[in-house]
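Hi there,

Here is the structure I promised to pass on. Have a look at it first, and then read my notes below.

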Amino acid sequence: MAAKSSQTMTIPTDAELIQAQADLWRHSLSYLTPMALSCAIQLGIPTAIHRLGGAASLPDLVTTLSLPPSKAPFLSRLLRLLSTTGVLASNEVGIYSLVPLSYLLVDGVRIDGDASQTALVLAVTSRHYMEAAMGLADWFKKDTAQPVPSPFEEVHGAALFEESMAVLDPECDKLFNEALAAHDHMGIGTILRECHGLFSGLQSLTDCCGGDGTTARSIVKAYPHIKCNVLDLPKVVDKASSDGSVNYVAGDMFHSIPPAQAVMLKLVLHFWGDEDCINILAQCKKAIPSREAGGKVIIIDIVVDSSLGQMFETQLLMDMAMMVYTRGRQRDENDWSSIFAKAGFSDYKIVKKLGVRGVIEVYP
């Protein structure tokens with residue numbers, strides 16, 4: 001028989017109940033925010049505003065988007081939510097304009113070399129992602145053998161970025177890989193400007209899971225003296241178009257990494273559990289020289305930090321995304337320190353925190 005609690009629940013005041021009800025509605029309906037964002041992308045709203053000179057009225061958008069006039073009042077309500085949630089800006093006379101967030105969603109426009117992030121939004125609001133999240137409670141109740149599959153794998157019988165996903169739904173697999181590439185390439189320009197000593201002393205670099213080489217080419221453009229390898233799976237490297245500025249290597253980071261003065265893991269390790277990360281880092285350690293010879297591993301990834309305010313919530317949401325869709329996780333500094341030590345590294349330094357991400361140097 002369960003023990004009776006000695007505590008009694010404090011009855012909320014009327015004001016607290018009213019606020020609680022409003023908060024409950026907001027949390028329960030907040031899924032409509034990303035769906036509204038996805039709708040805006042599919043309609044082409046950010047791109048239309050950009051092509052109209054950066055500002056547009058409701059009639060302008062109805063005409064440009066070729067929407068039925070009868071939908072104008074409904075479009076107004078969508079735009080109001082997008083403006084309230086910071087996706088667009090609006091003024092008192094009903095003119096809508098782009099903000100930094102919506103600039104990332106304009107087709108054909110690269111901000112500081114970064115590709116449009118539309119694929120990322122469309123991926124995480126897709127049916128496959130939503131159904132995986134809806135299966136979370138059933139996943140928790142199920143006792144499964146190690147390694148524990150993600151809810152995404154449990155629901156769909158397929159894993160993201162693997163052949164099983166391509167078999168399940170080729171179009172969605174293509175979208176998910178486009179989203180991954182956009183996510184991975186984001187922010188390298190800022191890192192090059194803010195972390196001046198990160199690459200300047202290097203003679204060679206291997207970019208693990210470097211995809212089509214976009215990040216590596218940006219590094220070589222800024223530091224032409226660096227000889228850069230891009231390591232990725234054969235199916236990725238075979239599709240990459242080479243301009244000769246970087247050397248593509250088809251392989252598997254779990255088995256071997258091309259030797260270089262430094263190895264970079266940009267937004268890679270959060271897709272993997274701790275044991276896999278330790279194995280990856282051990283391969284990195286084999287590929288680099290001693291610290292005295294300039295050997296280091298460069299990690300660009302989320303460093304969970306409760307002092308970051310609203311960005312901390314973003315980090316926790318990203319951690320939930322890793323739990324639902326992959327077998328990985330986001331890590332705080334203690335978590336990072338632990339896996340570095342277990343992989344045989346002697347020291348590390350957080351070079352800089354840029355938004356939700358951190359730039360870390362790890363030394364053999």
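The chain has 18 helices and 11 strands; helices (H or I, at least four residues) and strands (E, at least two) are DSSP runs, numbered from the N terminus. Before you go further, please keep in mind that this is a predicted model: local features need pLDDT of at least 70, side-chain atom pairs count only at pLDDT 80 or more, and totals for chains, interfaces and linings use all residues. Residues are numbered from 1 along each chain as its sequence is written, and side-chain values use heavy atoms, with hydrogens and water left out.

Now the overall picture. The C-alpha trace spans about 70 × 65 × 40 Å along its principal axes. There are 364 residues in the chain, and 43% of them count as buried (buried means under 20% relative accessible area, exposed over 50%, partly exposed in between, with a 1.4 Å probe and protein chains only). If you take the contacts with a separation of 6 or more, 62% of them are between residues 24 or more positions apart; a contact means heavy atoms within 4.5 Å. The chain exposes about 19400 Å², and 57% of that comes from carbon and sulfur atoms (areas by the Shrake-Rupley method with a 1.4 Å probe; for residues, only the protein chains shown count as cover).

Next, what UniProt says. An unreviewed entry there has the annotation "domain: O-methyltransferase C-terminal" for residues 136-346; UniProt positions are given in the numbering used here, feature names are shortened, and annotations may be inferred rather than shown by experiment. Over residues 136-346 the chain is 45% helix and 15% strand, with the end C-alpha atoms 38 Å apart.

Which residue does UniProt list for "active site"? It is His270, again from an unreviewed entry. You'll find histidine 270 in the loop between strand S7 (262-266) and helix H16 (274-287). Histidine 270 counts as buried because its relative accessibility is 2%. Not counting residues up to four places away in sequence, histidine 270 touches His183, Asp301, Met322, Thr326, Gly328, Arg329, Gln330 and Arg331. With aspartate 301, there is a side-chain to side-chain polar contact of 2.7 Å (a pair of N or O atoms within 3.5 Å; within protein, one must be able to donate a hydrogen and the other to accept it, and residues adjacent in sequence count only if both atoms are side-chain atoms).

Leucine 267 lies in that loop between S7 and H16 too. Leucine 267 has a positive phi of about 55° although it is not a glycine, and it is buried, at 2% relative accessible area.

Serine 66 also has a positive phi, about 55°, without being a glycine. Look for serine 66 in the loop between helix H4 (58-64) and helix H5 (72-84). Is serine 66 buried or exposed? With a relative accessible area of 63%, serine 66 is exposed.

The side chain of threonine 125 makes a polar contact of 3.3 Å with the side chain of serine 38, and reaches the backbone oxygen of valine 121 at 2.7 Å.

Finally, find proline 147, in the loop between helix H9 (136-141) and helix H10 (151-156).

Cheers
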